[in-house]
Every structure is written in C-alpha cells, then in structure tokens.
Amino acid sequence: MMRKAAFLLPMLAMAALPAALHAQAQEPQLVPDVSTNAIDIQYSFSGEDLLLFGAILYPGGRLPDSQADIVVVLKGPSGPVTLREKQRIAGVWINAESARFRSVPGYYAIASSRPIDRLVDERTAAIYELGLKNLQLSPGGTSDAKESARFERGLIQLNESHQLFDEQPDAVEIREGVLYRARIAIPARVPVGHYTAETFLVSKGRVLAVASRDIVIRKSGFERFVADSAQRYGFLYGLVAILVSLAFGYAGAFLFQKRG
C-alpha cells in the first residue's frame with residue numbers, strides 16, 4: 001500500500017503541474033526596467049531623475065475590458081531611527097520625549113496612476129506598504145498608541161521636508177494600456193546603499209502582478225575614497241581628521257595675527 005501511495009504522489013504532482021502553469025499563464029506579467037541601475041554621488045551631485053518604465057503583458061495579447069493601474073515604489077536602505085522631541089524649559093531647548101523605530105527606509109517614493117485609496121483597500125495597501133501612512137516602521141519604546149502615532153507622523157513629515165519621503169498620485173503614465181512610465185526625483189541628500197524599485201499591477205482592488213529591479217546609489221571619486229577610508233581605517237581616519245582640523249586652526253590664527 002505504501003509503495004502504491006509513493007508511486008501515485010509523483011504522478012499527481014505531474015498531473016497538477018500543467019494546470020498550475022496554465023493558471024499562471026492566464027495572469028498578466030510585468031516587464032519593468034529603470035533608466036539606470038547605479039547612481040554615482042560626487043561633490044557636485046545636486047539630485048537626479050530616475051525613470052521607471054516597462055510593459056504589461058496580457059495573456060494572448062488581449063487587453064482587459066477595464067484598464068489596470070500601475071504603482072511604482074522606490075525604497076532605500078532601512079535601519080533604526082530614534083526621534084527626539086525638543087521642549088523649551090526655563091528658556092533652554094532640551095531633549096524631552098523620544099521614540100525609536102526599528103525599520104525606517106532612508107528613502108521612500110511612491111507614484112501611481114491614480115490615488116492609492118482609489119485603487120486598493122486599507123488592508124491590501126498595508127500588506128504591500130503602498131503609501132506613506134502604510135509604512136511598517138516598527139515603533140518601539142512606548143506603549144501609548146496615540147503617542148507612537150504622533151511620533152510616526154512627525155517622522156514622516158520630517159523626511160518629507162527633506163525630500164526623502166515622497167508620494168505622487170497620478171504620476172504614472174500608461175499608454176495604449178500596456179506601456180507605463182514614471183519619473184521619481186532623487187534628492188541631493190539621498191543616503192547611499194541598495195534600493196529596490198517595485199512595480200505593482202492593480203485591477204479592481206487586487207494586486208495582479210509584482211516585479212522589481214535593484215538599484216545601487218554609491219559615492220564616487222574623492223567622496224568614495226573618504227567614505228571607504230572612514231569605514232576601513234576608522235582610527236587613522238579620525239587621527240587625520242583631527243590633525244587637519246588643528247592645521248586649519250593654526251593657519252587661521254596665523255593669518256589673523258599677520259593682519260593685526
């Protein structure tokens with residue numbers, strides 16, 4: 001009996017494989033691309049526009065009755081962040097309350113063919129982290145939900161003011177129902193690291209397909225040399241920095257004395 005069951009299991013799996021492949025073939029596919037896979041930051045870097053584009057492949061090449069929507073997300077390296085609130089006490093500004101977030105993207109930009117709240121429900125948006133209010137920042141250190149939400153709003157607003165968080169509804173252009181494109185601005189103070197450009201195909205409140213491309217933002221030239229030196233030779237880098245500071249200080253003092 002055991003031998004018969006062991007023989008039937010592979011046969012059943014083989015029989016189910018064509019059905020699974022057929023079901024997959026009935027789903028549309030995304031073919032995304034980006035204008036560049038690497039962005040180099042030099043001393044003169046003032047920002048750059050990244051173009052995200054691609055095509056939607058429908059089964060049999062037939063367009064659906066209703067046009068689907070596209071959402072693109074560019075997300076940078078994540079890490080812990082501690083946000084401190086300053087209060088003025090006795091005429092002096094001091095750090096008061098604080099909140100820690102365990103997973104904050106260094107950069108997050110989202111563009112869509114229509115506003116997110118018109119494409120998917122809140123649950124779906126939260127699952128895929130579509131939109132600034134749906135970012136999973138993993139707050140910790142406080143048990144007060146209202147206080148945590150207040151700090152979370154402050155963190156998002158702070159990053160928006162620095163152009164590190166960006167939300168652009170109606171910024172994705174779809175042509176002939178199959179070709180799409182969107183431009184995302186990369187600010188001058190963007191953090192270096194590995195980024196992911198994700199594309200979502202949405203129709204009737206459902207995410208039908210997801211595809212991604214990897215992008216690296218890195219320092220180049222003298223900036224890269226300084227960053228590598230600081231990382232590899234921390235002690236020597238700190239020592240040289242102190243010596244350079246002292247040299248500039250003595251040079252400034254000498255010039256002022258000479259003028260006097």
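This is a predicted model: local features need pLDDT of at least 70, side-chain atom pairs count only at pLDDT 80 or more; totals for chains, interfaces and linings use all residues.
The largest nonpolar core contains 31 residues, and the members that touch the most others are Ile70, Val72, Leu74, Tyr107 and Ile186. Strands supply this core with two or more residues each: β1 (29-34), β2 (38-41), β3 (48-57), β4 (69-75), β7 (108-112), β11 (179-186), β12 (193-203) and β13 (206-219).

Leaving aside residues up to four places away in sequence, isoleucine 70 is in contact with Leu30, Ile56, Ala111, Ser112, Ser113, Val172, Ile174, Tyr180, Thr199, Phe200 and Leu201.

An α-helix has 3.6 residues a turn, so residues three or four places apart point the same way. After α3 comes glutamine 163, with a positive phi near 65 degrees.

Glutamine 163 is in turn one of the contacts of proline 187. Proline 187 occupies the loop between β11 and β12. Its relative accessible area is 7%, and proline 187 is therefore buried, the cut-off being under 20%. Beyond residues up to four places away in sequence, proline 187 touches Phe45, Gly47, Tyr107, Gln163 and Leu164. Of these contacts, Tyr107 is also listed among the residues that touch the most other members of the largest core. Proline 187 and aspartate 49 are separated by 138 residues in sequence, yet their C-alpha atoms are 8.7 Å apart in space.

Two glutamates in loops remain to be considered. Glutamate 129 lies in the loop between α2 (122-128) and β8 (139-140), and its phi is positive, near 55 degrees, in a residue other than glycine. Glutamate 176 lies in the loop between β10 (173-175) and β11, and its phi is likewise positive, near 55 degrees. Are these residues buried or exposed? Glutamate 129 counts as buried because its relative accessibility is 19%, whereas glutamate 176, at 69% relative accessibility, counts as exposed.

Conventions. Residues are numbered from 1 along each chain as its sequence is written. Side-chain values use heavy atoms; hydrogens and water are left out. Helices (H or I, at least four residues) and strands (E, at least two) are DSSP runs, numbered from the N terminus. A nonpolar core is a set of buried Ala, Val, Leu, Ile, Met, Phe, Trp, Tyr and Cys residues joined through side-chain atoms within 4.5 Å. Buried means under 20% relative accessible area, exposed over 50%, partly exposed in between (1.4 Å probe, protein chains only). Contact means heavy atoms within 4.5 Å.
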